[in-house]
Each structure stands twice: as C-alpha cells, then as structure tokens.
Amino acid sequence: MSFRTGFGIDFHQLVEGRELWLGGVKIPHHKGALGHSDADVLLHAICDAMLGALALGDIGTHFPDTDPSFKGIDSKILLQKTNDLILHQGYKVVNVDAALCLEAPKIKPHVASMCSTISTLLGVSTSNVSIKATTTEKMGFVGREEGLVAYAVVQLHHQFNKVRIVNRSHHPLPEYATLDSSGMDLRAFLEHPLTLSPLERLLVPTGLHLEIPTGMEAQVRPRSGLAIRQGLTCLNTPGTIDADYRGEIKVILINLSNEPQVINDGDRVAQLVFQHVEKVAWEPSDELTATKRNEGGFGHTGTK
Ligand code: MG
C-alpha cells in the first residue's frame, strides 16, 4: 500500500460585514474572511494538502477565482470535489491534522462540529480529523485581527495495487460495484450455456489471466446471491490464485440444489478478492515457549 503526504496553507483577510466560515461551519463573529468563495481558510488548506499529496497543483489551479461559477461558493463543495479527484486517482484520506491561527473568536466550541463536517465529506471517522487553534499572542497581522491562517497536513493511501490482466473474453473487466466492495464479480466465458445437474461440479472458464503482484494472492469466493437463489457455490473455496500463476482463471462451481441449474455466458459466477499474504521461515527448535494454556484444549480453548 503506498502512502502520500501533503501540506497546505491558506491566508485570508478578516473584514467587517462578511460571514466567518471555518471548517465548513458558520462561526458567529463581527468579522469574516474576505475572498472569492466563502473564504473558509481551513477547508482551503485541507484541499491544498490533499492536492499537494498527489502533486496535483493547488486549489487555485482547480477552482480559479477568475471563474464566476466559484463566486461565493460553499467551500464544502470544493472539499467534496477535491476528494472526488483523489478518489478518482485511487487514493483515500487516512487522516488530517490542521491548525488555525487567529486571535478571535474562540474556536474550541466549534471544533467537534468542524471535525464531523470534514470527516463526513472525506468519508473518514472523526478520530482521523484533528483541528487545533492558536493565537499569535497579539503579534503580527493575525494578532491585530487583520487576517487568519490555516495549515493542514493530510495523509493519503492508495487503495489499489495495479494488476496486469489479459482479458480473452468479450466481457468487460471485473470491477468493484461500490467504493468499499471487497470483491469483483467474475463472469462465465462460455460458447454455449452449461447445465449443472444436482451435485454436479464443473470448471467454468472466465477468459481472464492475471499477473498478481508478489506478496499478494487472489481468492475465488462464492457469490451469496447465486448460493441462495440457485444453490450454486464454489468448491475448494476460497480458492487461492498464486502470484506466479499465469493460466486462465477458472471457477469450480457445484450445484447443491435439487434441480438442474443453467450457467449462461456472462453470468456472474464467483467473486475475486485480493489479499496480502504473510510468509514465514521455519525456525526448528527442540521446544516451544510455554504459555498459560500450553497443550490444553485442542479443538476448543478449554474455557467455558
Ligand atoms: Mg483561500
């Protein structure tokens, strides 16, 4: 899994007659930040950190202040769009750590609501969003309440390993149905429909060949819909496809219903789940380190 780190910073002037938006939350104050959008420095710094992590430029590149469609825009929309951009590249936010510098008002009462807004937009838990605030002890433009600053660091991780695939079928490549699906459905690649009698088993071709990265395996698992509706499941499951196997991926299906079941070309017959594999090296010894349980409870833990 590859990780990327990004840093973002944003400044805005504070002026009378503007609303103060910070972290997607409207904060009661007699001054607000001046800007083309709602001037939410905190969300802007987070957007910049996310873009920076992938070297995708900055917020000004993607949402230029010369574009009238961004005038007065809610920065939550900008954060959402930025998140969509990184999701599209296969990345997801791990955590955000941000700091606001401003003299007034007090930020602490609003931190929980900011964290909850940001975590919802990014699809992470609130424990992965940290927001701190500090004054500058009356020094400088922040101390004179002429402006405010936000800093943010984010970590992203790449959700997908690249896997080389040869598709000799006429079906589209397997894909994750939703953002957090674990498996991708495999489709039967058949010239003619197959019929499985009760308790009959068959090897169903998919037309797919994979080059699985070393240190990973692919598992072939049954599909719950097929099992409940037709009594069709996989034998030898989860079947492991090793990283060095280059043959066609085939699925061993068995009909556990009491009626014949037909498999058509393109039917989704199983799902493929990728896993990291731990390997071990043996350390031959005469005895093992004792534990409280020792040899007790083979087949059960020995506890009630
Ligand atoms: Mg800004």
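Where is glutamate 278 found? Glutamate 278 is in the segment after β17 (268–276). Keep that residue in mind; the last view returns to it. Everything shown here comes from a predicted model.

**View 1**
Let us start with helix α4, which covers residues 108–122. Look for Met114, Cys115, Ile118, Leu121 and Leu122, which are buried. The buried residues of α4 pack against several elements: the strands β2 (20–22), β3 (25–27), β5 (91–101) and β6 (129–134), and the helices α1 (41–53) and α3 (75–88). Just past the end of α4 comes glycine 123, with a positive phi of about 70 degrees.

**View 2. Helices α1 and α3 side by side.**
Two packed helices are described by the angle between their axes and the distance between the axes. For α1 and α3, the angle is about 10 degrees and the axes are 9 Å apart. An angle under 35 degrees counts as roughly parallel, so α1 is roughly parallel to α3. On the α1 side of the contact you will find Leu43, His44, Ile46, Cys47, Met50 and Leu51. They meet Ser75, Lys76, Leu78, Leu79, Thr82 and Ile86 of α3. Sorted by type, the residues of this contact are eight nonpolar, three polar and one charged.

**View 3. The largest nonpolar core.**
In soluble globular proteins, nonpolar side chains tend to be buried together. Here the largest nonpolar core has 46 residues, and Ile46 and Met50 touch the most other members. Two or more residues come from each of β2, α1, α3, β5, α4, β6 and β7 (147–158). Helix α1 gives the largest share, 10 residues. Leaving aside residues up to four places away in sequence, methionine 50 touches Gly6, Thr82, Ile86, Val93, Val154 and Leu156.

**View 4. A second core.**
A separate core of 21 residues can be found as well. Among its members are Leu196, Ile212, Cys234 and Leu253.

**View 5. Back to glutamate 278.**
Is glutamate 278 buried or exposed? Glutamate 278 has 6 other C-beta atoms within 10 Å. A residue is exposed if that count is 12 or fewer, so glutamate 278 is exposed.

Note on methods
Residues numbered from 1 in each chain as written. Predicted model: local features only at pLDDT ≥ 70, side-chain atom pairs only at ≥ 80, totals over all residues. Helix = DSSP H or I, 4+ residues; strand = E, 2+ residues; numbered from the N terminus. Expected span 1.5 Å × (residues − 1). Buried ≥ 20, exposed ≤ 12 C-beta atoms within 10 Å, placed from the backbone. Contact = placed C-beta atoms within 7 Å. Axes fitted to C-alpha atoms, helices over the stretch in contact; angles between N-to-C directions. Parallel < 35°, antiparallel > 145°, perpendicular 65-115°, else oblique. Nonpolar A, V, L, I, M, F, W, Y, C, P; charged D, E, K, R; others polar. Core = buried A, V, L, I, M, F, W, Y, C linked by C-beta atoms within 7 Å.
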